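Please read each point alongside the displayed chain.

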Amino acid sequence: MSLFFNPSKPEASLVRTSLLWTTRAAFGMALSASAMAQTALPGATRIDNREIRQEQRIDQGIASGQLNRRETARLDAGQNRIDRMENRALSDGSLSARERLNIERAQDRQSRQINRQKHDAQRR
């Protein structure tokens with residue numbers, strides 16, 4: 001499937017393209033805000049790297065047609081929830097072992113959800 005213009009389905013290609021770029025723009029803003037709010041904490045860096053990889057998996061699912069709009073919205077909401085957890089945990093300037101563990105568990109659940117949604121029988 002082409003991510004850009006498809007003469008047989010011009011409106012679907014436009015929706016797909018705009019959805020992908022909107023998702024990327026929102027993620028970029030969230031990531032830059034998150035990066036400005038944090039210092040280079042070892043646990044936070046690992047969490048941020050994993051968050052980036054999970055966003056890339058979602059973007060790849062959009063581009064390949066493995067994720068429909070509803071699935072994408074649900075997965076984005078999960079990513080936003082994890083981002084809020086991280087921001088709350090870092091609000092005091094440190095990341096405790098328990099906070100890091102809770103965030104990593106949420107990321108584990110989100111990773112399983114991404115996998116399930118990408119490999120289910122639903123298509124756009």
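Is Q117 buried or exposed? Q117 counts as buried because its relative accessibility is 13%, where buried means under 20% relative accessible area, exposed over 50% and partly exposed in between (1.4 Å probe, protein chains only).

1. Basis of the note. The model is predicted, so local features need pLDDT of at least 70 and side-chain atom pairs count only at pLDDT 80 or more, while totals for chains, interfaces and linings use all residues. Residues are numbered from 1 along each chain as its sequence is written, and side-chain values use heavy atoms, with hydrogens and water left out.

2. Overall architecture. The chain contains 4 helices and 0 strands, and its pattern along the sequence is α-α-α-α. Helices (H or I, at least four residues) and strands (E, at least two) are DSSP runs, numbered from the N terminus. Of the 124 residues in the chain, 37% are buried. The chain exposes about 7,500 Å², of which carbon and sulfur atoms supply 56%; accessible areas come from the Shrake-Rupley method with a 1.4 Å probe, and for residues only the protein chains shown count as cover.

3. Contacts across the sequence. Among contacts in the chain with a separation of 6 or more, 74% join residues 24 or more positions apart. Contact here means heavy atoms within 4.5 Å.

4. Helix α2. This helix covers residues 42–64. The 23 residues of α2 reach 33 Å from the first C-alpha to the last, close to the 33 Å expected at 1.5 Å a residue; the expected span is 1.5 Å times one less than the number of residues. Just after α2, G65 takes a positive phi of about 85 degrees.

5. G43. G43 is found in α2 and counts as buried because its relative accessibility is 13%. Leaving aside neighbours within four places in sequence, G43 is in contact with L95 and R100. The C-alpha atoms of G43 and L101 are 9.5 Å apart in space, although these residues are 58 residues apart in sequence.

6. Packing of α2 with α3. Two packed helices are described by the angle between their axes and the distance between the axes. The axes of α2 and α3 come within 11 Å and cross at roughly 170 degrees; axes are lines fitted to C-alpha atoms, for helices over the stretch in contact, and angles run from 0 to 180 degrees between N-to-C directions. The two helices, α2 and α3, are therefore roughly antiparallel to each other, since angles under 35 degrees count as roughly parallel, over 145 as roughly antiparallel, 65 to 115 as roughly perpendicular and the rest as oblique. Residues of α2 that meet α3 include A44, I47 and E51, and their partners in α3 include T72, D76 and Q79.

7. Packing of α3 with α4. Helices α3 and α4 pack at an angle of about 170 degrees, with their axes 10 Å apart. They are therefore roughly antiparallel to each other. The α3 side of this contact includes R74, Q79, I82 and M85, and the α4 side includes I103, Q110, I114 and Q117.

8. Q79. Which residues does Q79 touch, not counting residues up to four places away in sequence? They are E51, Q54, E55, I58, Q110 and I114. Q79 is found in helix α3 (residues 69–90) and counts as buried because its relative accessibility is 2%.

9. Nonpolar cores. The largest nonpolar core has 6 residues: I47, I82, M85, A89, I103 and A106. The elements giving two or more residues to this core are α3 and α4 (97–118), and α3 supplies the largest share, 3 residues. A nonpolar core is a set of buried Ala, Val, Leu, Ile, Met, Phe, Trp, Tyr and Cys residues joined through side-chain atoms within 4.5 Å. A second, separate core of 5 residues includes I58, I62, L75 and I114.

10. Q117 and A121. Q117 lies in helix α4; beyond neighbours within four places in sequence, Q117 is in contact with Q66, L67, E71, R74 and L75. A121 lies in the segment after α4 and counts as exposed because its relative accessibility is 80%. A121 and Q66 are 55 residues apart in sequence and 8.8 Å apart in space, C-alpha to C-alpha.
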